Amino acid sequence: LKKGYRYHGKVKEVYVYVVEEEFRRIIGCERRSYPQEGSLTTQEEERLRMMIQEVGYNPDLIDWAGIEEEVVGRIAEELVEFHRLFGDCFRRKEQRLLGQSYLGGLLSDVPRKNGEAIALAFLGPRAVRCQQNFLSRYLWDEERMLERHQGLLAEAVGEEDGMHTVDSTEIPKKGKESVGVARQYCGNLGKRENCQSGVFVGYTSRKGYGLVDRRLYVPKIWFEEQYAERRRKCGIPSELQFQTKIEIALELLEKQMQRGLLAGRWIGSDSFFGSDAAFRDTIARWGKLYLAEIRSNIQVLPL
């Protein structure tokens, strides 16, 4: 936002950086991307290592797990090194620090895995807002991060006759503010309940397994006019269109076929996806074999 005014007879300019999202929307001020910054300093890297080693450290776990104490330190260092592989996916080095703290928090014994609890445990009370903004507002290169993860997974467990698997998972929710939350079937509870749902693609081979890709399922009701304000508050892109879970699964799988990082001959699924004829036919057109459950009331004809 720029506006001129006179000071000692000369025209000056005032520059205001708008932080509050609602005010930014009202005045039509678009967010500009941050410049890419360099790597963390040695001191900052050491802080990351200490952060992982010290927070939530429980010496009783060493005896219970049957590992040596020095191994704990090496695990912390390896976690920092792993996170460094994705360093250029973040726009600012501060985001790398916040990303490292969040990753460490998810793997720690912090009871509640939310931004506030993790920030308090790892970075202190002054970092709570920054950690929350990291999850809700800060930008990073998601596609580059995802592709790098898939490349690392391919190096570790990729095989020519590996299997991609697709499944949906639900997370029960109490409130109504989370994006995509609605009363729908919740597999974790075995009944209809207020929850979020997502479609996930995994990969399995003789060497191991791992998560490949994921996407949040946004129920059809969220695209109705009554949800317009909630879509805006949750930051749902205006161009997003409703997709069924079957459509999401096929799109994620096709993306894997096109990227070609993880070789595989098979595609597996549970009965929700396997009972859909279009889902099975699409896999067959790709030249892939499938191992899919089907519902017991579906008629199967002999070849």
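Which backbone oxygen lies 2.8 Å from a polar atom of the side chain of S101? In this predicted model, the atom in question is the backbone oxygen of L98, and the legends below take up that contact together with several other close-up views.

View 1. The model is a prediction, and its secondary structure comes to 12 helices and eight strands. Of the 303 residues in the protein, 33% are buried. Among the contacts with a separation of 6 or more, 59% are made by residues 24 or more positions apart. The protein exposes about 19800 Å², of which carbon and sulfur atoms supply 52%.

View 2. S101 belongs to helix α5, which spans residues 93–106. With a relative accessibility of 0%, S101 counts as buried, the cut-off for that class being under 20% relative accessible area. A polar atom of the S101 side chain lies 2.8 Å from the backbone oxygen of L98.

**View 3. Helix α12, its buried residues and the elements against which they pack.** Helix α12 runs over residues 277–285, and its buried residues are F279, R280, T282 and I283. These residues lie on the same side of α12, because the arc they cover around the axis is only 160 degrees. The elements against which the buried residues of α12 pack are the strands β3 (163–172), β7 (266–269) and β8 (289–292), together with the helices α10 (245–259) and α11 (271–274). At the N-terminal end, α12 is capped by D276, from which a side-chain oxygen lies 3.2 Å from the backbone nitrogen of A278. Just after the helix, G287 adopts a positive phi of about 80 degrees.

View 4. S275 is placed in the loop between α11 and α12, where its relative accessibility of 11% makes it count as buried. Leaving aside residues up to four places away in sequence, S275 touches R280, E293, I294, R295 and I298; R280 is also one of the buried residues of α12. A polar atom of the S275 side chain lies 2.9 Å from the backbone nitrogen of R295. The C-alpha atom of S275 is separated by 7.9 Å from that of A292, although the two residues are 17 residues apart along the chain.

**View 5. A nonpolar patch on the surface, formed by W266, L289 and L291.** Together, the three residues W266, L289 and L291 contribute about 290 Å² of accessible area to this patch. L289 lies in strand β8, and with a relative accessible area of 41% it is partly exposed. Strand β8 is also one of the elements against which the buried residues of α12 pack.

**View 6. The salt bridge between D88 and R144, one of 15 in the structure.** The structure holds 15 salt bridges, including the one in which the side chains of D88 and R144 meet with an N to O distance of 3.4 Å. Because D88 lies in the loop between α4 (69–84) and α5 whereas R144 lies in helix α8 (residues 142–157), the pair ties together parts that are 56 residues apart in sequence. D88 is partly exposed, with a relative accessible area of 36%, and R144 is likewise partly exposed at 36%.

**View 7. The salt bridge between R259 and E143, which joins helices α10 and α8.** The side chains of R259 and E143 meet at 3.0 Å, N to O. R259 lies in helix α10 and E143 in helix α8, so this pair ties together parts that are 116 residues apart in sequence. Both partners are partly exposed, R259 with a relative accessible area of 22% and E143 with one of 37%.

View 8. In the bridge between R206 and E159, the closest N and O atoms are 3.5 Å apart. The pair links distant parts of the chain, 47 residues apart, with R206 in the loop between β5 (191–205) and β6 (208–217) and E159 in the loop between α8 and β3. R206 is exposed, with a relative accessible area of 67%, whereas E159 counts as buried at 17% relative accessibility.

Key: Residues are numbered from 1 along each chain as its sequence is written. This is a predicted model: local features need pLDDT of at least 70, side-chain atom pairs count only at pLDDT 80 or more; totals for chains, interfaces and linings use all residues. Side-chain values use heavy atoms; hydrogens and water are left out. Buried means under 20% relative accessible area, exposed over 50%, partly exposed in between (1.4 Å probe, protein chains only). Helices (H or I, at least four residues) and strands (E, at least two) are DSSP runs, numbered from the N terminus. The arc is that of the directions from the helix axis to the C-beta atoms. Contact means heavy atoms within 4.5 Å. A polar contact is a pair of N or O atoms within 3.5 Å; within protein, one must be able to donate a hydrogen and the other to accept it, and residues adjacent in sequence count only if both atoms are side-chain atoms. Patches are made of residues with over 30% relative accessible area and no salt bridge: like charges are joined within 9 Å, nonpolar side chains (Val, Leu, Ile, Met, Phe, Trp, Tyr) within 5 Å. Accessible areas come from the Shrake-Rupley method with a 1.4 Å probe; for residues, only the protein chains shown count as cover. A salt bridge is a side-chain nitrogen of Lys or Arg within 4 Å of a carboxyl oxygen of Asp or Glu.
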